[in-house]
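Hello,

Here is the structure I promised to pass on. My notes follow below it.

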Amino acid sequence: MGRLSRRGAGAFLAGITLLLALPGQAQDREERLWCAVEPPAHESMPGLGATSVGPPAAPMCHPDDPLLHLATPLPSEASAREAWRAVRAGGWLELSVVEAAAPELADVFALLRAERQLAEGDADGARERVRVARASPDATVTMNARAGEALALLALDHRRALTTARGFLDQYPEHRRRRAIELAMAGYQERKGRRGDALQRYRQLVVYAPATPEAAEARRRIEAIAAGHRVRGLLPIERVQRADELLSWGPLPEARESLAALREERLPAPLTAQARLLDARLFRFEGRFPEAAAAYAAAKQTGVEVGEPAERELREKRSTDVARAAVAREREAARRRLRQVRRGRRLDRVAGAHLLQLIEIAAGADLREELDAILAAAAEKSLPPRVRLDAALRAFGAGDDARILALLEGVELRPGSLGREGRYFQGVALARLERHAQAADAFGDVLTASTGDWYAMLARQRLAESCRQQELPPA
């Protein structure tokens, strides 16, 4: 005789209890099943004169209970879900055996059989079973039986099918079979020739439950109808809503595709704002903080306020956090690149071309401390004037202006345009250091050297500004 392990029995009963969500009242009715799969083992004090006493039978168990004599044991490692699938497939434990052993659970097993019959397309048989289940003393079994009744009536094209289904969904809008019932309602309407109503229900499944099997079937039905009739596609607002649902519930690859398609569309401002905020959510989840910050900024630029004040406040905080994270990530990546270029060498041993690369990396990530150290090393090296000028231009606005000025020293002495450029940018650095008199001299030297090129025009504008800073008339 096969012995039923406690774990295997627990898996079976947990499968029924969890999937049908039976409350405590039904648990009392399961006591015989528990004792049948394995009577509780315990010890008792032997009586006077007794040599040994075995564990007594549990009071609710009987030696002739059919469940004690099942020939096929439960798999000891079966999970509740595996046990449920096995029961529905009619595998190692036949419902008829359990029904014979526990007639007080007839309503539960009627519901199990009804669900199996619905899956097999036997709507008539399922309808008969749910009638038994609807008489259950357990409210949860009754609720699930009503769901089965609605599905059976819809499959049978019964005249009360839609009324029954609507009444059930109005009372239990979050029931686990809701999507299945909505799909069945759409199929019923399609078979009755109410194509517009059916398409509307199919679209709702595609938009609001895109990751479900029911949505996949709804898409197939829409495509089948479109093969012979004119069918509109999803509206922009529906595509945005569908992307929102996919981002919330998955699958994520499909959410990415939907959002990528929305980026290519010209949407009204409110929908653009919503789509960009969905982009920001996706990028934030994926750790792509620069893209998330840009998406938040794009949503803000639409001028449309999305959501309640509390939600907008939270979004603003997330936008700030994402921007900070983006900067931090960029700086850390820049530091890694700096180490890669230096290869462990001291800055005074780094070649001029590599110094230019280091300056560009540090300035781009606003690494002020690292940039100033690089500029100081570059100023001490004997670099060609053109390299010194290029290094200074890359550092402007990010590095220390005094170090940039030191780097430019001597460039103004070169003949031709290189000298004029060097002198002009010396003037810019001097002006940024608020040494306006020296800056005016530098800009005047540029004008003296040439009055017709681009730098002469810029120097004239800068000279006027330097004179205003000194309260002097322009030259």
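Which residues of the largest nonpolar core touch the most other members? They are L358, L371, I374 and Y424, out of 49 residues in that core. By nonpolar core I mean buried Ala, Val, Leu, Ile, Met, Phe, Trp, Tyr and Cys residues joined through side-chain atoms within 4.5 Å; buried is under 20% relative accessible area, exposed over 50%, partly exposed in between (1.4 Å probe, protein chains only).

Before going on, please note that this is a predicted model, where local features need pLDDT of at least 70, side-chain atom pairs count only at pLDDT 80 or more, and totals for chains, interfaces and linings use all residues. Residues are numbered from 1 along each chain as its sequence is written, and side-chain values use heavy atoms, with hydrogens and water left out.

Leaving aside residues up to four places away in sequence, L371 touches I359, A362, A363, A395, A398 and G399 (contact is heavy atoms within 4.5 Å). Another core, of 21 residues, lies apart from this one and includes L247 and Y296.

V341 sits in helix α17; helices are DSSP runs of H or I, at least four residues, numbered from the N terminus. V341 is buried, with a relative accessible area of 11%. The C-alpha atoms of V341 and I361 are 9.9 Å apart.

Finally, helix α13 has E238, V240, R242, A243, E245, L246 and L247 as its buried residues, and these pack against α11, α12, α14 and α15. After α13 comes G250, with a positive phi near 85°.

Best wishes

Conventions
Helix = DSSP H or I, 4+ residues; strand = E, 2+ residues; numbered from the N terminus.
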